[in-house]
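Morning, everyone. I have one chain to show you, and I'll keep it short.

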Amino acid sequence: MSEVCQRLALGRSLLVRLYELYPSMSRSKVLLLQNYRAYDDIVDIPSHLFYQDTLIANLKRPACLPYSVVFYGVHGQEEIADEPPSFLNRGEAAEVADRVEELINLWPAQVWGAANPARICVLAPYPTQVWETSLAMVDLLQEGELTCAT
């Protein structure tokens with residue numbers, strides 16, 4: 001971390017800095033105690049890192065779902081788009097298209113109901129990457145209501 005960031009205390013998140021501003025017994029100091037939106041194996045990470053293991057997940061991952069979060073490594077090349085300040089990565093776009101198609105084909109209907117591409121939203125950081133990802137998923141986009149956006 002740079003000296004400037006250290007001096008400005010940017011090594012800690014804004015929420016942590018705000019939390020530390022108030023006295024320990026302040027009524028303005030509120031911590032989330034229960035999470036109703038994410039599976040336990042996702043909530044366990046921030047609970048341990050930021051909540052001293054006090055944040056409780058009220059959703060247990062169904063046994064039929066093998067995992068809650070998946071990370072993929074892509075050996076793509078980031079390119080500067082024709083319309084700066086945008087970037088694109090064709091390798092990432094192709095990987096996302098493959099993962100979305102896999103999700104549709106392996107949709108856990110017993111947990112989420114009938115397969116519905118309208119419930120899938122792909123987010124990308126740059127407009128050009130959205131365009132590139134949409135091109136890679138053109139067949140999937142025509143089949144359903146799949147959304148790809150920044």
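I'll go from the overall build to one residue.

First, the ground rules. This is a predicted model, where local features need pLDDT of at least 70, side-chain atom pairs count only at pLDDT 80 or more, and totals for chains, interfaces and linings use all residues. Residues are numbered from 1 along each chain as its sequence is written, and side-chain values use heavy atoms, leaving out hydrogens and water.

Now the build. The chain has 7 helices and 6 strands. These are DSSP runs numbered from the N terminus: H or I, at least four residues, for helices, and E, at least two, for strands. From the N terminus, the order is α-α-β-α-β-β-β-α-α-β-α-α-β.

Next, dimensions. The C-alpha trace spans about 55 × 45 × 25 Å along its principal axes. The radius of gyration of the chain is 20 Å, whereas a compact globule of 150 residues would have one near 15 Å. That radius is taken over C-alpha atoms, and the globule rule is 2.2 Å times the number of residues to the power 0.38.

How much of the chain is buried? Buried residues make up 24% of the 150. Buried means under 20% relative accessible area, with a 1.4 Å probe and protein chains only.

Finally, one residue. Threonine 133 sits in helix H6, residues 127–136. Is Threonine 133 buried or exposed? It is buried, at a relative accessible area of 2%. Leaving aside residues up to four places away in sequence, Threonine 133 touches Ala93, Val96, Val122 and Cys148. Contact here means heavy atoms within 4.5 Å.

Note on methods
Buried means under 20% relative accessible area, exposed over 50%, partly exposed in between (1.4 Å probe, protein chains only).
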